[in-house]
Amino acid sequence: MTQTSVIAAHTRAGVRTLTLNRPDRLNAANDELLLALTAELRAADADSAVRVVVITGAGRGFCAGQDLGDVSGRGMTFTEHLNATYNPLIRTIRGLGKPVITAVNGVAAGAGASLALSGDIRLWAQSASLIEVFSNIALVPDSGSTWFLPRLVGYHRAFEMMALADRVRADDALRLGLCEQVFPDDTFEQAVQAYAERLAARPANALKLTKQALNAAMTGTLDEALDQEAALQQLAGDHWEHEEGVTAFKEKRPAQFVRDVNSLDQ
């Protein structure tokens with residue numbers, strides 16, 4: 001277990017869990033939290049023992065968005081602030097060579113909603129909720145919300161959510177495609193860990209290349225996607241994971257995509 005004042009981090013069975021640790025403020029983001037989270041993600045990407053990253057919140061909230069008191073009166077423009085904090089964080093998550101699970105344990109509002117949507121997998125507690133709250137203070141959604149949300153729910157539903165700032169609760173989030181699964185509050189932490197460990201047992205190189213292919217395909221043409229798939233398939237096929245998968249199939253046994261399971265706990 002490692003812990004800063006704003007991020008708690010621990011690794012179990014190849015899963016690095018990063019917990020936003022400002023529970024008294026519903027984990028509202030200040031510069032320290034945003035920069036520390038980005039640094040922890042980059043460290044996890046470089047750590048061979050880490051196969052999956054989970055981002056969650058301490059206490060009742062996932063992330064209540066920007067801590068307005070932290071930016072009040074600083075003289076920094078909105079653009080400067082976003083380019084120094086939130087934008088590098090979202091780019092790091094999307095570019096990470098490992099799956100990122102956002103485990104939404106409570107309210108995700110404003111930029112916290114953007115963070116909740118940025119994961120490769122989004123798991124919600126039953127009491128979790130999401131609010132695109134920017135219009136309540138006459139601001140534009142940022143930190144990736146205008147990119148993520150319409151791709152999930154369509155332009156018109158995204159605009160309605162952003163314009164009216166209505167709260168979306170877990171059952172509706174699941175129906176709308178804002179999350180993949182919803183778990184009971186009292187078993188949420190254990191359910192997320194079990195899900196993440198299942199993901200950690202999958203072929204890490206293949207998942208890294210799959211994430212790369214999907215990121216490119218989201219903004220590319222079909223021809224570009226086909227070319228990218230062909231190139232990445234060669235990289236996957238040349239990796240030892242592919243040989244193990246084929247051998248396991250022929251031998252009618254489960255494939256072992258983790259070579260040293262003893263190195264996964266730390």
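The following legends describe close-up views of a predicted model.

View 1. S145 belongs to helix α6, which comprises residues 145-153. With a relative accessible area of 0%, S145 is buried, because the limit for that class is under 20%. Beyond its neighbours within four places in sequence, S145 makes contact with A113, S114, E132, P150 and M162. A separation of 9.6 Å is found between the C-alpha atoms of S145 and A116, which lie 29 residues apart along the chain.

View 2. Helix α11 consists of 16 residues (222-237). From the first C-alpha to the last, α11 reaches 22 Å, close to the 22 Å expected at 1.5 Å a residue. A225, L232 and A236 are buried in this helix. These three residues lie on the same side of α11, because they cover an arc of only 50 degrees around the axis. Elements covering the buried residues of α11 include α10 (204-217) and α12 (240-251). On the face turned away from the buried side, α11 carries the exposed residues D223, D227 and A230.

**View 3. The open sheet β5-β7-β9-β10.** Four strands, in the order β5-β7-β9-β10, form an open sheet with mixed pairing. β5 (61-63) and β10 (168-169) stand at the edges; each has a single partner strand, so one side of each is left without a neighbour in the sheet.

**View 4. Pairing of strands β5 and β7.** Strand β7 spans residues 107-109 and pairs with β5 in the parallel sense over two bridges. V107 in β7 is the bridge partner of G61.

Terms used
Residues numbered from 1 in each chain as written. Predicted model: local features only at pLDDT ≥ 70, side-chain atom pairs only at ≥ 80, totals over all residues. Heavy atoms only, no water. Buried < 20%, exposed > 50% of the residue type's maximum accessible area, 1.4 Å probe, protein only. Contact = heavy atoms within 4.5 Å. Expected span 1.5 Å × (residues − 1). Arc of directions from axis to C-beta. Pairing = 2+ DSSP bridges.
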